[in-house]
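Take a moment with the sequence and the fold below. Then walk through them one step at a time.

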Amino acid sequence: MNRLRDPGGCPWDREQTLSTLAPYLLEEAHEVAEAVAADSPTKLCEELGDLLLQIVFMSRIARENGWFDLDDVCNGISEKMVRRHPHVFGDREVEDAAEVIRNWEDIKRDERADEASSSALDGVPAALPGLLKAFRMTEKAAAVGFDWRKPTDVMVKMREEMDELEAELGAAEDAASERARSELGDVLFVMANLARHLGVEPETALQRSNTTFKRRFESMENQARARGVSLRELSLEEQDALWEEAKRLEGNPSATPRSR
């Protein structure tokens, strides 16, 4: 990175700023998550390298501005990990992972005691995707005791929110009314809570489902083409049959698609 940024280095790299790099950082982080979901160690190694490059790149620019350098970044996170793991690096004892999380949030709150804002929700980035943001906010709220006791309690609340959405859809002339949008948002928020209670990170879970849908839908398209038609020409019942066929082929990739 020093060679790339120094005089005589790469013109493109020398033109970059923290603002121009920020989108690449997000993109690389998502590609790391995709590699994890794909269960591909080779791809994960590559994507972690791409992500690390962005961190090194930004640290170099920060050094140029006289703010900090890569050593400061590494030292800072090392000190934070030691400080927030007194049960490992100190003499505090914990019973389980839940207590570790509570201690973590308590230590973070103490670290920010002198800051103007001291909300338990501090530290949740405003730019997070909505589902992940809901997950993280309720995670922090749960650390101070504001939470349902068990997953079945969350299910009760989710059914309640679903009933409210259904009632709104039945009452509203416009299915996309503001009230319907609000009720749907409540449903999604409670679902993020349920995911947390089940130990499932919802954004990753949804991305996996997205990947599954894409794979099966493309299989449907391929099956339709092999029969000389397009999906648009088929009835919903025929499309459903292709969907079921796509699911069957996943269980037996070498199987020959059945004719209609």
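Residues are numbered from 1 along each chain as its sequence is written, and side-chain values use heavy atoms, with hydrogens and water left out.

Start with confidence. pLDDT is the predictor's confidence in each residue, from 0 to 100. The protein chain averages 88, and 92% of the residues score at least 70. Helices here are DSSP runs (H or I, at least four residues), numbered from the N terminus. In the protein chain, helix H4 (residues 41-64) has the highest confidence, at a mean of 97. Helix H7 (residues 97-111) has the lowest, at 81. Now look at residues 256-260. Their pLDDT stays under 50. The model still gives them 14 contacts beyond four places in sequence; a contact means heavy atoms within 4.5 Å. Where pLDDT is low, the predicted coordinates should not be read in detail.

Next, follow H4. This helix has 24 residues. From its first C-alpha to its last it reaches 35 Å, close to the 34 Å expected at 1.5 Å a residue. The expected span is 1.5 Å times one less than the number of residues. Which residues of H4 are buried? Among them are Glu47, Leu51, Phe57 and Ile61. Buried means under 20% relative accessible area, exposed means over 50%, and partly exposed lies in between (1.4 Å probe, protein chains only). The cover over the buried residues of H4 includes helix H1 (2-5), H2, H3 and helix H5 (70-83). After H4 comes Gly66, whose phi is positive, near 75°.

Now the aromatic rings. Rings of Phe, Tyr and Trp (its six-membered ring) pair if their centres lie within 6.5 Å; planes under 30 degrees apart count as stacked, over 60 as edge-to-face and the rest as tilted. By this rule there are three aromatic pairs. Trp12 and Tyr24 form an edge-to-face pair, 6.1 Å centre to centre with 70° between the planes. Trp12 is in helix H2 (residues 11-15) and Tyr24 in helix H3 (residues 18-37), so this pair links distant parts of the chain, 12 residues apart. Trp12 is partly exposed at 41% relative accessibility, and Tyr24 is partly exposed at 35%.

Phe213 and Trp243 form a tilted pair, with 5.6 Å between centres and 40° between planes. Phe213 lies in helix H11 (residues 202-226) and Trp243 in helix H12 (residues 236-251), so the pair ties together parts 30 residues apart in sequence. Phe213 is partly exposed at 48%, and Trp243 is partly exposed at 21%. Ring pairs link Phe213, Phe217 and Trp243 into a cluster.

Stay in H12 for Glu245. Is Glu245 buried or exposed? At 3% relative accessibility, Glu245 counts as buried. Its side chain joins that of Arg248 in a polar contact of 2.8 Å.

Last, find Pro125 in the loop between H7 and helix H8 (130-143). Pro125 is partly exposed, at 42%. Pro125 and Arg136 are 11 residues apart in sequence and 9.3 Å apart in space, C-alpha to C-alpha.

Definitions and conventions
This is a predicted model: local features need pLDDT of at least 70, side-chain atom pairs count only at pLDDT 80 or more; totals for chains, interfaces and linings use all residues. Helices (H or I, at least four residues) and strands (E, at least two) are DSSP runs, numbered from the N terminus. A polar contact is a pair of N or O atoms within 3.5 Å; within protein, one must be able to donate a hydrogen and the other to accept it, and residues adjacent in sequence count only if both atoms are side-chain atoms.
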